[in-house]
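Subject: Structure handover

Hi,

Here is the structure you asked for. Please open it alongside this note; the findings follow below.

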Amino acid sequence: MGSMRSPARSSRGSPGVAGSTGTGSTWAGSTWAGGLRTELAALDARSLRRSVVTPSSGQDAHVEIDDHRYVHFTSNNYLGLATDARLKAAAKDAIDRYGTSVTASRLLAGSTPLHDDLERRLAALNDHEACLLFSAGYLANLGVMSALAGPGTEVFSDALNHASIIDGCRLARTRVRVYPHADMEALSSLLAESTAERKIVVSETVFSMDGDLAPLPELLETARRFEAALVLDEAHAVGVFGPGGEGTLRHFGLEAPEAIIVGTLSKALGSVGGFVSAQSDVVEYLLNKARPFIFNTALPPSAVGAAHAALDVVAAEPERRARVLALAEDLRTRLRDLGLDAGPSASPIVPAIVGTAEAALDVEARLRAGGVLAKAVRPPTVPEGTSRIRFNLMATHSEADVAAVTAALQPGPLAAGTTGPT
Ligand SMILES: Cc1ncc(COP(=O)(O)O)c(C=O)c1O
């Protein structure tokens with residue numbers, strides 16, 4: 001049975017670690033537990049508390065939660081591949097051949113020919129010489145930034161970059177200069193001021209909260225002008241952009257063999273895992289230095305098998321890309337017709353920016369009442385005052401699914417603080 005757990009239901013109960021705080025009390029009565037509860041209550045009071053949502057069905061265009069069916073807009077399953085029969089069969093086949101886990105790091109023989117082949121295929125997307133798989137896109141960013149950055153390095157990071165990029169920089173203990181979102185003039189000025197020996201420019205290519213595309217031609221030109229390494233997070237681009245789903249470099253018709261590409265298998269490719277593709281010296285360096293690669297059990301064969309099948313579908317069925325992009329355009333038009341702010345979205349990620357966290361939760365509840373599952377995204381994930389509903393489209397959505405969004409939002413006023421329809 002799936003469920004949308006309330007914060008109260010999601011609390012974990014008392015593990016009974018009497019004395020662990022040095023007070024001799026039970027955990028529930030301890031200063032520690034009290035402090036955590038106070039912080040959680042503060043999150044509650046600001047409408048910022050998070051909770052897990054568990055469907056009882058798979059990640060399809062419709063999901064079932066607590067015996068209700070919803071049109072599903074919270075998944076990154078852009079091409080609808082996570083439940084595709086071909087991916088399921090490939091995952092099962094990989095399990096039959098290699099088992100359920102490789103139970104070790106790649107460096108300790110936790111590998112299969114499927115892993116090596118997948119790296120070759122992912123490298124080929126951008127004509128790169130090599131690629132390295134990670135257990136998640138999060139870990140790929142952590143690995144790249146923490147290995148490449150460090151003393152003597154300065155990182156120039158877009159203000160809207162993903163948490164995994166930020167965390168990777170923190171791990172590297174490097175100096176980070178944050179430039180205003182997509183502002184190439186500001187980036188140039190910061191680079192011009194820098195006296196760092198080695199510079200790294202890092203940006204998402206499809207921004208995960210606004211769904212806009214980075215100004216890639218300018219970004220590339222700027223990085224080249226200042227001889228900075230360029231790290232591009234293609235998490236939301238692989239499979240969706242480019243004539244063959246290669247990503248945004250191909251989408252913009254750019255050749256950039258020097259770019260370091262971070263990607264994930266867990267969005268359009270319907271599997272799980274992350275990767276970094278680059279020229280072989282970079283990849284060889286990461287293999288030796290990236291701690292999330294070295295000290296982590298490699299991806300299970302099933303995930304790698306599914307990703308192979310996904311790449312086959314991505315190459316063979318370009319109509320999936322066209323469809324998800326067209327549906328996103330349809331939704332943006334519908335939201336704007338309602339007076340809602342769909343931001344600069346140009347991808348299957350479509351925000352409806354409503355302002356306060358309370359307003360976003362109100363819209364989320366209204367959508368749910370109308371049979372639509374889309375989550376409110378609130379600070380700190382997005383800047384204060386830009387809370388939103390984020391809709392992620394899938395190629396397997398129907399036009400009626402998209403229409404269900406606007407039907408659910410009409411009629412009636414939204415809560416105070418929204419910039420939406422009244
Ligand atoms: C831009 C970006 N980079 C990296 C990641 C992490 O990818 P994964 O979910 O595979 O860890 C995400 C996923 O949320 C993302 O949106």
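One cut-off first: an angle of 65 to 115 degrees between axes counts as roughly perpendicular, and one under 35 degrees as roughly parallel. Keep in mind that this is a predicted model.

Helix packing

Take helix 5 (residues 137-148) and helix 10 (residues 280-289). Their axes lie 10 Å apart, at an angle of about 95°. Helix 5 and helix 10 are therefore roughly perpendicular. On the helix 5 side, the contact uses Gly-143, Val-144 and Ala-147. Helix 10 answers with Tyr-285, Leu-286 and Lys-289. By class, the residues of this contact are four nonpolar, one polar and one charged.

Now helix 7 (residues 184-193) and helix 8 (residues 216-225). Their axes come within 10 Å and cross at roughly 10°. That makes helix 7 roughly parallel to helix 8. Met-184, Leu-187, Ser-188 and Leu-191 represent helix 7 in the contact. Glu-218, Leu-219 and Thr-222 meet them from helix 8.

Ligand shell

The ligand is surrounded by 14 residues. The closest are Ala-136, Gly-137, Tyr-138, Ala-235 and Thr-264. Which element gives the largest share of the shell? Helix 5 does, with three residues. The shell has nine polar, three nonpolar and two charged residues.

Domains

The protein divides into two parts. Domain 1 covers 53-81 + 318-422, and domain 2 covers 85-315. Their C-alpha centres are 27 Å apart. Domain 1 puts 20 residues into the contact, and domain 2 puts in 19. On the domain 1 side, helix 13 (318-337) and strand 12 (349-355) are the elements that give two or more residues. Strand 12 gives the most, with three residues. That side of domain 1 has twelve nonpolar, six polar and two charged residues.

A histidine in a loop

His-128 sits in the loop between helix 4 (113-125) and strand 5 (130-134). Is His-128 buried or exposed? A residue counts as buried if 20 or more other C-beta atoms lie within 10 Å of its own. His-128 has 24 other C-beta atoms within 10 Å, so it is buried. Leaving out residues up to four places away in sequence, His-128 touches Ala-123, Pro-257, Ser-277, Ala-278 and Gln-279. Check Glu-258 too: the C-alpha atoms of His-128 and Glu-258 are separated by 8.6 Å, although the two residues are 130 residues apart along the chain.

Backbone points to check

- Pro-379 and Pro-380 are joined by a cis peptide bond, with omega about 10°. Pro-380 lies in the loop between strand 14 (375-377) and strand 15 (387-392).
- Ala-109 has a phi near 70°, a positive value in a residue other than glycine. Its place is the loop between helix 3 (85-98) and helix 4. Ala-109 is exposed, with 11 other C-beta atoms within 10 Å.
- Arg-173 is not a glycine either, yet its phi is positive, at about 50°. The loop between helix 6 (163-172) and strand 7 (175-179) holds Arg-173. Arg-173 is exposed, with 10 other C-beta atoms within 10 Å.

Best regards

Methods. Residues are numbered from 1 along each chain as its sequence is written. This is a predicted model: local features need pLDDT of at least 70, side-chain atom pairs count only at pLDDT 80 or more; totals for chains, interfaces and linings use all residues. Axes are lines fitted to C-alpha atoms, for helices over the stretch in contact, and angles run from 0 to 180 degrees between N-to-C directions. Helices (H or I, at least four residues) and strands (E, at least two) are DSSP runs, numbered from the N terminus. Angles under 35 degrees count as roughly parallel, over 145 as roughly antiparallel, 65 to 115 as roughly perpendicular and the rest as oblique. Two residues are in contact if their C-beta atoms, placed from the backbone, lie within 7 Å. Ala, Val, Leu, Ile, Met, Phe, Trp, Tyr, Cys and Pro count as nonpolar, Asp, Glu, Lys and Arg as charged, and the others, Gly among them, as polar. A residue is near a molecule or strand if its C-beta atom, placed from the backbone, lies within 6 Å of it. Domain bounds come from an automatic or database domain assignment. A residue is buried if 20 or more other C-beta atoms lie within 10 Å of its own, exposed if 12 or fewer, and partly exposed in between; C-beta atoms are placed from the backbone.
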